[in-house]
Number of protein chains: 4
Amino acid sequence: MKRIAVMTSGGDAPGMNAAVRAVVRKGIFHGLEVYGIKRGYAGLISGEFERMELSSVADIIHRGGTILRTARCPEFKNPKVQQEAAELLKAKGIDGIIVIGGDGSFMGAKALSNLGIPTIGIPGTIDNDIPCTDYCIGFDTAVNTAIDAINKIRDTATSHERTFVVEVMGRDAGDIALAAGLAGGAESILIPEIETNLDVVIHRLLQGQKRGKLHSIIVVAEGVASGFEIGKIIEERTGFDTRVIVLGHIQRGGSPTSFDRILASRLAAKAVDLLMANEGGKMVGIVNNKIVATDIDEALKQKHTLDKEMYELAKVLSI
Amino acid sequence: MKRIAVMTSGGDAPGMNAAVRAVVRKGIFHGLEVYGIKRGYAGLISGEFERMELSSVADIIHRGGTILRTARCPEFKNPKVQQEAAELLKAKGIDGIIVIGGDGSFMGAKALSNLGIPTIGIPGTIDNDIPCTDYCIGFDTAVNTAIDAINKIRDTATSHERTFVVEVMGRDAGDIALAAGLAGGAESILIPEIETNLDVVIHRLLQGQKRGKLHSIIVVAEGVASGFEIGKIIEERTGFDTRVIVLGHIQRGGSPTSFDRILASRLAAKAVDLLMANEGGKMVGIVNNKIVATDIDEALKQKHTLDKEMYELAKVLSI
Amino acid sequence: MKRIAVMTSGGDAPGMNAAVRAVVRKGIFHGLEVYGIKRGYAGLISGEFERMELSSVADIIHRGGTILRTARCPEFKNPKVQQEAAELLKAKGIDGIIVIGGDGSFMGAKALSNLGIPTIGIPGTIDNDIPCTDYCIGFDTAVNTAIDAINKIRDTATSHERTFVVEVMGRDAGDIALAAGLAGGAESILIPEIETNLDVVIHRLLQGQKRGKLHSIIVVAEGVASGFEIGKIIEERTGFDTRVIVLGHIQRGGSPTSFDRILASRLAAKAVDLLMANEGGKMVGIVNNKIVATDIDEALKQKHTLDKEMYELAKVLSI
Amino acid sequence: MKRIAVMTSGGDAPGMNAAVRAVVRKGIFHGLEVYGIKRGYAGLISGEFERMELSSVADIIHRGGTILRTARCPEFKNPKVQQEAAELLKAKGIDGIIVIGGDGSFMGAKALSNLGIPTIGIPGTIDNDIPCTDYCIGFDTAVNTAIDAINKIRDTATSHERTFVVEVMGRDAGDIALAAGLAGGAESILIPEIETNLDVVIHRLLQGQKRGKLHSIIVVAEGVASGFEIGKIIEERTGFDTRVIVLGHIQRGGSPTSFDRILASRLAAKAVDLLMANEGGKMVGIVNNKIVATDIDEALKQKHTLDKEMYELAKVLSI
């Protein structure tokens, strides 16, 4: 292993730059040449490679987004395209690749590994919906962004005695909603993993009002329903003045938290170690506070699961 | 003037607490008794008065929202209701009132003054749409909240090479949009005071792309159109991957900036001075960096005007 | 177990309020009466008890500090004082206590347990220096506060091509320094657990300069030396324009991160569960992502240990 | 005027990048060639010029520090050095210069103007100590950084019932201390413009304690005394547990507030207008909310003055 490359793929997540930086620095530390591939698989196909030096990754650890940029690239599912990419990589003398992204990106990584280019996946997505890791890069930052917004909403909710519905990201995974709801002190949390019972939500709102609550905040993952739908039903059935906030893409941005920067650094270091041991077709993750590697094949068969205990805790604490 | 009262009315704005605090402390400093009226005119009608001591306003200068809470109260337009309120105030021995809110709130203030209760209005609204003052309490904080969001969006916009439409508050006034757009480095700013020409917006986007711009941000005031409408048209006509963010109520919350806290303190001090001089029916404001008082009658005849020069500057700087 | 009490003790830490809230709410959920004890052991001795309702802990999850306040109380080491406190608790019918604080606070907890009042300790200290838990409440927030400061320093360091020494908290434990240094991209990290070799630090600075680095940041835990001493030596031996920042008590404040709020909620829930099972003399902690309980006797024999791997990683990444 | 240059000089201030960006963009808008000079007068002497395009200033409006970097350059006081610089500029065909910095930097600007290179000064310094402008670029951001720190300190001060002394920047000018103290709700504010009477400070502390105040915060400008000295005296004379925080260089960093970004943009636009009208030897400023120009000679004769009314207000509000 003399020359490796790193790229970011899929939706961007805060902390991706910290991972890119760690790949480059640890690679150089061990005497490797490191290349950056721009715009994910799209740039890989079109040959957008750039030699990375220590200075290429100076002053990026604290920046959101990804300096390598990212793009969706559906054509990379095509085996012919994969084959061409592998040949291009061989021609450029690139011995291994590290892909930072979501599980879609890992399928491409697996394909490249099968074609003789050892490739390691690093889980980076605010949705936290990748199996075989407790946390993905970007999740902690996204949750903190969400609770900052909930703090602000709380100010105005209290002043006006209003109900607020806050829609957060999460199509299939309720992780952001659950963590932001628990940490934000929400009255109810609606997530795709648990069937929504609006009767219960409304009952809790009415109970709260009886006890003199000045406001209520309901956090809903986008995968459940649009915040506007939920808000409309609540307003109709309770008569409460209800407002809706859709946090949207601000959850993807911002300077990464220390948790995400350190997680990114540790996962990236492990990925470089694996490549140097000539291993490929794996993803790295953090499980029970330890950095581990799992076969991508194995990982893709599994499903990310919700922390049920935390969901129950949130219910207890929001009485 | 022995006993005064303070209330917040209309939409809440960060910095209202700093104004309440300053009214209470300056009042007590001058030997006045100060009462807080809960929930604006609604609480005035229902007699929700509370004696305020120095400790009532401890540790609130940095909090968003308003500890006095606020509510809309359309019935206060009814002269009979106004009359009853004035009598209630006289019965309670309250000699003067300070109302922190928007221009709707000032009409109520004027009515009370006419009924013999000297009343002073302090402009507090993030929309900054009140005449006879350059700045309203809450505006500076709201703009800073908006540019923080734009910073975050910029991260992800750059990473994905996307166009973002950011809808900010402002039904009739483009102040937030203009300031946030100028300070956020937006490519285009759409405000109610200037007729929107989407041809120009789209031309600029296409020009930017030719020059290699990785992303574009368009700020639109809610009074112009919904961000979603604008986003849809842009995507259709440019083919650019376009996302929409509606900032909504997070603009109302958050710890007030130093600008808003100081403005609130200065305006509140002036309001107390006016009451002590037995003046009523006035609003206080900051004009050319000086704290001034204007007859509410006079003020309500005028219209808040846009800073045209700043709009032109924003256009020049976003080439 | 019918009536329990909760208190905060020792140095305050962001997230303590989230723990208090969770104790109160989970206690009430299970039908317990919950009391708050003001100002730690000092308030326990002087009988400062207050019945806590759901509304007592409304709107505190996001606030730094502790609504129960805290104080050092050296006299609680006196067995006679402990005995009196236990009797007072029995007289008040308090069946169990939860103490949120550092290891000093846990000794008091152990003493009370031995005297027949089951007591559970929850680790809350930004220093993260308590054994038998990977994280203490407040640590994550303190590290994020430190890296925010480092971000700001980085701006001015780059502009002026300066070296900055940042002193962070940590008398015996280098956890804040290590995490903030790694996440902040510091050039060198000085911690009490590893003997400081300033020759190496200075060599790295000089190497960095040769490679064209515009600035350097050195993070030092207060337990190693004062930042000013380190800064002076560096300036003398390198001739670099060197500035020193002592972050101090701002590390203790601020709205807790989602990590700290969730950790606090989970630890508090476990503590209530333990009391309900009539267990005492234990501390709760998070070890490898699981909430566990350890005998306080056992815990106090152990020593918090540094994550050596993370230290090595920081060195590799700061080449 | 065909070719102009821009540089930043003296201590850096947040918003300098917004000013650089505005000079470049407005210059290009009007068809000028714009050059950046690196590291202030030091880079001017050594010929560190760089052509600036629109893309050179992309994505900098929100960044602290200055992309042009800055340095102190005492040798530029030497008329011979000034002469050489003017000749270098003429040789490069540079027709006018804009210098962003403090009053020291303006003397150099004046000298260059006298030597036939029209030069305009833009006031950029967090200290806000330049005459003929109400606000300097960076001041608003620095004050907001200071009040964020005071917010955090307030959390821990309340929890521990402590007195905190917060030392902020300001050698000759108390502007940061006054604004941060007023907006931060400090009990006392010590500034160089007003003789410090510690008897009064201590009397207020003792009064506050009698009234049940849980904490006190005293803000002191570095020009008055070190925070440690003040803290020591207070602790000795009151017996209160007193802690000291020196905010230091974090006040210089951070993303500029919207106020600073807009002020920077407006001042820079005016500076370009002046150069295009072939005017030099002037500084631009904001006075009573209007952008104005003043002869540097005239300005340097004047002294920045404190807002006495605001100081009195702070005293009234901190009873």
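## An aromatic cluster

Phe139(A) is buried, with a relative accessible area of 8%. Buried means under 20% relative accessible area, with a 1.4 Å probe and protein chains only. This is a predicted model, in which local features need pLDDT of at least 70, side-chain atom pairs count only at pLDDT 80 or more, and totals for chains, interfaces and linings use all residues. Residues are numbered from 1 along each chain as its sequence is written, chains are lettered from A in the order in which they are written, and side-chain values use heavy atoms, without hydrogens and water.

Over all chains there are 14 aromatic pairs (ring centres within 6.5 Å; planes under 30 degrees apart are stacked, over 60 edge-to-face, the rest tilted). The pair of Tyr135(A) and Phe139(A) is stacked, because the ring centres lie 6.3 Å apart and the planes meet at 25°. Phe259(A) and Phe259(C) make a tilted pair, 5.7 Å centre to centre with 40° between the planes. Each of these two lies in helix α9 (residues 258–276) of its own chain, so the pair joins two chains. Both Phe259(A) and Phe259(C) are buried. One aromatic cluster takes in Tyr135(A), Phe139(A), Phe259(A), Tyr135(C), Phe139(C) and Phe259(C).

## Two domains in chain A

Chain A splits into domain 1 (3–138 + 256–301) and domain 2 (139–253). The bounds come from an automatic or database domain assignment. Their centres, taken over C-alpha atoms, are 34 Å apart. The contact (heavy atoms within 4.5 Å) takes 17 residues from domain 1 and 13 residues from domain 2.

Conventions: Rings of Phe, Tyr and Trp (its six-membered ring) pair if their centres lie within 6.5 Å; planes under 30 degrees apart count as stacked, over 60 as edge-to-face and the rest as tilted. Buried means under 20% relative accessible area, exposed over 50%, partly exposed in between (1.4 Å probe, protein chains only). Helices (H or I, at least four residues) and strands (E, at least two) are DSSP runs, numbered from the N terminus.
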